[in-house]
Amino acid sequence: MKKKLSHDLTLFHYPNFPKNFNITSNKKYKVTIGIGGNIGDTKKIFDKLILCLKKDARFTLLMSSPLLQNPPFGFLEQSDFLNGIILLKTDLCPNSFLKAMQRYEKKFGRKRSFQDAPRTLDIDIIFFDNKKIDTKNLIIPHKNWANRESVIIPLKYIKNK
């Protein structure tokens, strides 16, 4: 299913997006991650990420949002992005969780050439339980999340469930 929200915003429904995965989990922390990409078959990369997270005993997937196609910001000379939200639980501490997500980005071909560059997979930690963290390597809640349609719109669909 495809739903045009505006001239440059389109919402997509695919088998894994949106989806309810698990209702309960004994893991300690509830984490909201934002995923995005605009290089390669982004939808297939997102599906493979879901598969990896489901197989990874460190995580319990709770739910995912629909995917939003939206224009890039910062560096504008690139293709539109596909973005979504995944809600999961983990026992990892925030820094270990960050390292795990960075390994997944790398596994799916992420190259960090410059800020706001095109990418195969970007994983942002939007919220980590109710924690507030502000270090050189990690800022939670994610900086500027409330000003990004790529986060707000998919998040709204999860919050309404």
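Predicted model: local features only at pLDDT ≥ 70, side-chain atom pairs only at ≥ 80, totals over all residues.
I take contact to mean heavy atoms within 4.5 Å.

Residues are numbered from 1 along each chain as its sequence is written, and side-chain values use heavy atoms, with hydrogens and water left out.

**Entry: helix packing**

Leu49, Cys52 and Leu53 in α1 are in contact with Met101, Tyr104 and Lys107 in α2. I sorted the residues of this contact into 5 nonpolar, no polar and 1 charged. For this sorting, Ala, Val, Leu, Ile, Met, Phe, Trp, Tyr, Cys and Pro count as nonpolar, Asp, Glu, Lys and Arg as charged, and the others, Gly among them, as polar.

I then noted the geometry. Helix α1 (residues 42-55) packs with α2 at an angle of about 140°, and their axes are 11 Å apart. The axes are lines fitted to C-alpha atoms over the stretch in contact, and the angles run from 0 to 180 degrees between N-to-C directions. The two helices, α1 and α2, are therefore oblique to each other; under 35 degrees would count as roughly parallel, over 145 as roughly antiparallel, and 65 to 115 as roughly perpendicular, the rest being oblique.

**Entry: salt bridges**

I searched the whole structure for salt bridges (a side-chain nitrogen of Lys or Arg within 4 Å of a carboxyl oxygen of Asp or Glu) and recorded 4.

One of them joins aspartate 56 to arginine 58, with the closest N and O atoms 2.7 Å apart. I checked burial, where buried is under 20% relative accessible area, exposed over 50% and partly exposed in between, with a 1.4 Å probe and protein chains only. Aspartate 56 is buried at 12%, whereas arginine 58 is partly exposed at 33%.

Which residues are linked in a network of salt bridges? I list Glu105, Arg110, Arg119 and Asp122. Glutamate 105, buried at 2%, pairs with arginine 110 at 3.3 Å between the closest N and O atoms. Arginine 110 is buried at 14%, and its side chain also meets that of aspartate 122 at 2.9 Å, N to O. Arginine 110 lies in the loop between α2 (94-107) and β8 (122-128) and aspartate 122 in strand β8, so this pair ties together parts 12 residues apart in sequence. Aspartate 122 is buried at 12%.

Terms used. Helix = DSSP H or I, 4+ residues; strand = E, 2+ residues; numbered from the N terminus.
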